[in-house]
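Please keep the structure open as you read.

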Amino acid sequence: LRGRAYLQRAEVVGDSLISIEDNLIKESALELAFEGNRWGDLVRIALRRNDPAFLADKVYDKLVKEGNAKADEVHTKLMNTSNWYLPYTWKEAE
């Protein structure tokens, strides 16, 4: 399929699962650039790998490229997985 679009084959190096995930993330970054639709994929992979730095680094890189002065602060905050979700309070049934 990639050949029809004259794209180079994506290499699988080392751990095949990690390499394929990384290739998918790179591809989706190109396809979904600036649409705001990558969060779920980044969270899913960071949770599966048990590596909050995976998500924090991707967001940090984006903010640095945009010149955002709070990039370091955001990176630090995203290293804690409890900061990945909006707060939600369950209401007891009445």
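**Charged pairs and a nonpolar patch**

Start in helix 3 (residues 52-66), where glutamate 66 and lysine 62 are four residues apart and so are separated by about one helical turn. Helices here are DSSP runs of H or I with at least four residues, numbered from the N terminus. The two side chains meet in a salt bridge, with 2.9 Å from N to O; the term means a side-chain nitrogen of Lys or Arg within 4 Å of a carboxyl oxygen of Asp or Glu. Glutamate 66 is partly exposed at 44% relative accessible area, and lysine 62 is partly exposed at 43%. For these words, buried means under 20% relative accessible area, exposed means over 50%, and partly exposed lies in between, using a 1.4 Å probe and protein chains only.

A word on the model itself: it is predicted, so local features need pLDDT of at least 70 and side-chain atom pairs count only at pLDDT 80 or more, while totals for chains, interfaces and linings use all residues. Residues are numbered from 1 along each chain as its sequence is written, and side-chain values use heavy atoms, with hydrogens and water left out.

How many salt bridges does the structure hold? There are five. One of them joins glutamate 21 to arginine 48, with the closest N and O atoms 2.6 Å apart. Glutamate 21 sits in helix 1 (residues 16-31) and arginine 48 in helix 2 (residues 39-49), so this pair ties together parts that are 27 residues apart in sequence. Is glutamate 21 buried or exposed? Glutamate 21 is buried, at 10% relative accessible area, while arginine 48 is partly exposed at 42%.

Now move to arginine 49, which forms a salt bridge with aspartate 22; their closest N and O atoms are 2.8 Å apart. This pair, too, links distant parts of the chain, with arginine 49 in helix 2 and aspartate 22 in helix 1, 27 residues apart. Aspartate 22 is partly exposed, with a relative accessible area of 26%.

Finally, turn to the nonpolar surface. Val12, Ile20 and Leu24 form a nonpolar patch with about 280 Å² of accessible area together. Such a patch takes residues with over 30% relative accessible area and no salt bridge, joining nonpolar side chains (Val, Leu, Ile, Met, Phe, Trp, Tyr) within 5 Å and like charges within 9 Å. Accessible areas come from the Shrake-Rupley method with a 1.4 Å probe, and for residues only the protein chains shown count as cover. Isoleucine 20 lies in helix 1 and is partly exposed at 41% relative accessibility.

Technical notes: Helix = DSSP H or I, 4+ residues; strand = E, 2+ residues; numbered from the N terminus.
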